[in-house]
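Please have the sequence and the model open while reading.

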Amino acid sequence: MVKKMNHALCAAQPSGIRKFTALAKAEPDCLFLTIGEPDFATPDSIKEAAKAALDQNLTHYPPGVGEQYLLERISQFERERNGVFYRPEEVIVTDGATEGLYLALRGILNPGDEVIVPTPAFGLYDPLVTLSQGVYVPMDTCGDGFQITGENLSRHLSGKTKAIVLNSPNNPTGAVYTPQTLETIYQAVKDRDIFVLCDDVYAQLVYGPYQSFSGYQDIRDKIILIQSFSKPYAMTGWRMGYLCADRPIIEQLAKLHSYTVVSAVSFLQKGCAAALDYDPAGMVETYRQRRDYACDRLCRMGLPVEKPGGAFYLFPSIRQYGLDAETFCLRMIKQGKLAAVPGTCFGAQGYIRLSYCYSMEEISHGLDRLEAFLQTL
């Protein structure tokens, strides 16, 4: 009966990140630098707010798009922190950013519509576009320092282009889009009927100046902003996020949200409201120290790497070793006892992704093993 199932679903591949993590777990004494999950615990103030909500018996169906107090707090947060003006009625509280991305893509795509995705890119976009009956159009940015040029973008635009997905800071590169990149995209879409999906889940984990494309509020009817509580507040298991868009867009996406999950979990919304009052600066500084240490180590090993402007990933080139990324990572697991993620999981050959969501001791030992492995090649 599997042959009778949805063909696009059956053709979709499992997560490459989890695949290589599983391979490493099967290898004795293997260290991991694979998973992009904060190694911090959820801050106490956030947990206490959720516990209190349980004690108050806030365990019944909430409003489908989210509790009013949280919608108002999200609206205030985006206005005060990012200068982005979305009214409470222009917000949906989602089951993580993943649901937000699904709502956005499934909600805007008709069969054959094209979605431009700058690569390297998070592996989720391709299957979500395909399952939404769209056409995934990768746009390689490796030769431009992971930025987007007008020439590159124009080569990928067509009469079928429905959307562009922007992930800044980026997973897997840690790159933050420059004002020049953002202006290039703005000029390309402002007079076209093209949506821009801003996947800003790492927006609070930046090490310098930052601007989201969502700031172009004169074209707010084209923009869909997706956010997550997972990364900045170490709330990955909570599965909570939100989506912001112009009111007519939200009204349509709210229907899909109700058909898909009904609503986000009621008592967790109190924790989310508390999260928006929490300053993750201490976590960011820890990530910065790990980034600087790891970048310095990679450079001394002779591995070219762009210094990340945000998130918690490094994406060094391994092209000089003449191995494809999957072979490199498989050999490193077996021979070097270290797991990384091949760049092919993100649409980029000749790179590997290393996460620094690990203690400094784990990072140090992992990089020691990487250095020893390189000497065998």
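A salt bridge here is a side-chain nitrogen of Lys or Arg within 4 Å of a carboxyl oxygen of Asp or Glu. The model is predicted, so local features need pLDDT of at least 70 and side-chain atom pairs count only at pLDDT 80 or more, while totals for chains, interfaces and linings use all residues. Residues are numbered from 1 along each chain as its sequence is written, and side-chain values use heavy atoms, with hydrogens and water left out. The structure holds 21 salt bridges.

**K190 and D191**
- K190 pairs with D191 in a salt bridge, with 3.1 Å between the closest N and O atoms.
- K190 is partly exposed at 27% relative accessible area, and D191 is exposed at 67% (buried is under 20%, exposed over 50%, partly exposed in between; 1.4 Å probe, protein chains only).

**Within helix 3**
- K47 and D44 form a salt bridge at 3.4 Å, N to O.
- Both residues lie in helix 3 (residues 44–55), three residues apart, about one turn of the helix.
- Helices (H or I, at least four residues) and strands (E, at least two) are DSSP runs, numbered from the N terminus.
- K47 is partly exposed at 29% relative accessibility, and D44 is exposed at 54%.

- D29 and R369 meet through their side chains in a salt bridge of 3.3 Å, N to O.
- D29 sits in the loop between helix 2 (16–25) and strand 1 (31–32) and R369 in helix 13 (residues 360–374), so this pair ties together parts 340 residues apart in sequence.
- D29 counts as exposed, at 56% relative accessibility.
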